[in-house]
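Subject: Structure handover and notes

Dear colleague,

I am passing on the structure below, and after it you will find notes on what came out of going through it. Please keep it open while you read.

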2 protein chains.
Amino acid sequence: MFRSPAVAAASQRTYFIVMEPRRTVYFVSDGTGITAQMLGHSLLTQFEGIRFQQVTLPFIDTAEKALECRDRIDAEASAGNGQPIIFSTLVDGEVRNSLRQANAVFIDFFETFIDPLEAGLGIKSNHTIGRSHSASDTGGYHRRIEAVNFSMAHDDGGSHRELDQADVILVGVSRSGKTPTSLYLALQFGIKAANYPLIPEDFERKRLPEVLHAYRAKLFGLTIAPERLREIRQARRPDSKYADLANCHYEVEQAENLMRREGIRWIDSTARSIEEIAATILREFRIERQVY
Amino acid sequence: MFRSPAVAAASQRTYFIVMEPRRTVYFVSDGTGITAQMLGHSLLTQFEGIRFQQVTLPFIDTAEKALECRDRIDAEASAGNGQPIIFSTLVDGEVRNSLRQANAVFIDFFETFIDPLEAGLGIKSNHTIGRSHSASDTGGYHRRIEAVNFSMAHDDGGSHRELDQADVILVGVSRSGKTPTSLYLALQFGIKAANYPLIPEDFERKRLPEVLHAYRAKLFGLTIAPERLREIRQARRPDSKYADLANCHYEVEQAENLMRREGIRWIDSTARSIEEIAATILREFRIERQVY
């Protein structure tokens, strides 16, 4: 049997599979668990070299459910993967104290901060569960749904109607990140964000699309590294002119020239998360998020 | 001049305008500020009767920027609206300690929890700033953008292609909350969520749309109170059959009957936030969020 030297060498190697240490992390909440997830995750990003298995336990609003969680967490603690970690936003004292008895590191977001806040504000908290991410703020809810409808209708230049109601209009070449950013601004912040593509016809005319002239103060640009743009476009329309690297270079350069001439602020989306782009836009326009 | 008794009575009333106490709250972060906002907001919902003016100060990553923040917060403290509150996720010790000297209640999310976590995990944290909501997790980033593209393409039954790739397919009558929920699942959790409307033709046939039969295990239903549905539809197409209360009753009843017959799980979106619906769906399908 023929063996290439490489295969022969490989077959003589001994492989060690080094298992990264693993910890199970529980996000426990009387509501959705989203706040616990975000707080917990932001702390866990500070620890490298450990694989975290993440489990969300939402809507834990009775002592019985807390007891079920405790049993589940204690079982994991006995499994030999190290002591689990609990990130809790539980508001109810009884539920919280039940869970605190689990064999786990208990990180308590609620009780830790509610005392200093009560002292600072000079009033007692109401200890109402499930207030975060609930539908009780109906004004905020409507604002948000309206913003989502607006952004969907005004995605990719989809409609010119009611553009005057936009808080922000994102511009940039196709696939520079406008759509996810608009949706994020609408869904998370309640901001009416339209987006409008800059296309080769605009570059030939060397002018902004006509409809945008009246709204220059609302425009914000996204640009992107041509190499990255090529990758994204290549995945969508392989080997098209659209995805061609030279064309991506051309479009990005032209778009940046156009934005420079028109005095439109912009940022580069290449190495930025959607959250970073969205937070930058709010800061630039001095808008605060409208909903929580 | 004629005056109705009611107007005459009203004109004799004395009105007191009671100003709610106001506090200014600062969310300060070396990153986007989103984690600080969520932590702060979830705690502030526990305090009623105070109007909080919320200010986000993102990307505070140098001692100079921290000093600017401190000056701004100290100026607010002198304005007579009570001591401001700072919710900080600052990671860098120097930046954090500079801000801590502001005349404010300082709620320190990072330092409070990093010590017990280091002890629990038995390793030191790396004190790297801006890790939460950064683009450094490129796998997560791509997954998320792909999920958003998928959900946009499969909004409102927009495409039958690649439905087998959906993690979840939401069904329900028009305006029952499918679109914002799908977008939230995609954008926040990295879940590929399609949505497909149930329409009068389906009710007449008393069958699910043909294309959905193969994907029954992925279906999840949203229903809504007919009165609320009427309100939403009325705002979009005033005085249409679509918005008529009797028609809304009919569609909701038929949709629920259909889902019951087909064994599709569903929840009522009427009094639930998008986050609550999304978190319930993940729990029902036993899926964890895919991205942070």
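Helix 2 of chain A is largely enclosed by the rest of the structure, because 11 of its 11 residues are buried, where helices (DSSP runs of H or I, at least four residues) and strands (E, at least two) are numbered from the N terminus, and where buried means that 20 or more other C-beta atoms, placed from the backbone, lie within 10 Å of the residue's own, with 12 or fewer for exposed and partly exposed in between. Among these buried residues are A:I34, A:M38, A:H41 and A:L44.

Before going further, please note that this is a predicted model, in which local features need pLDDT of at least 70 and side-chain atom pairs count only at pLDDT 80 or more, whereas totals for chains, interfaces and linings use all residues. Residues are numbered from 1 along each chain as its sequence is written, and chains are lettered from A and ligands numbered from 1 in the order in which they are written.

As for confidence, the mean pLDDT (the predictor's confidence in each residue, from 0 to 100) of chain A is 91, and 93% of its residues reach 70 or more. Residues 1-12 of chain A, however, have a pLDDT below 50, and beyond near neighbours in sequence this stretch has one contact in the model, a contact being two residues whose C-beta atoms, placed from the backbone, lie within 7 Å. The ipTM is 0.88 and the pTM 0.89.

Across the interface, 62 residues of chain A are in contact with 61 residues of chain B. Several elements of chain A each supply at least two residues to this side, including helix 2 (34-44), helix 5 (109-121) and helix 11 (274-285). The copies meet through the same surface, because 98% of the interface residues of chain A are also interface residues in chain B.

Helix 5 of chain B, with 13 residues, reaches 18 Å from its first C-alpha to its last, close to the 18 Å expected at 1.5 Å a residue, the expected span being 1.5 Å times one less than the number of residues. Its buried residues are B:F109, B:F110, B:F113 and B:L121, and what covers them includes helix 2 and strand 4 of chain A as well as strand 3 (85-88) of chain B. Helix 5 of chain B is followed by B:G122, whose phi is positive, near 75°.

Finally, within chain A, A:I191 lies in the loop between helix 7 and strand 6 (193-197) and counts as buried because it has 27 C-beta neighbours inside 10 Å. Leaving out residues up to four places away in sequence, A:I191 touches several residues, among them A:A147, A:D167 and A:I287. A:I191 and A:L282 are 91 residues apart in sequence, with their C-alpha atoms 9.2 Å apart in space.

With kind regards
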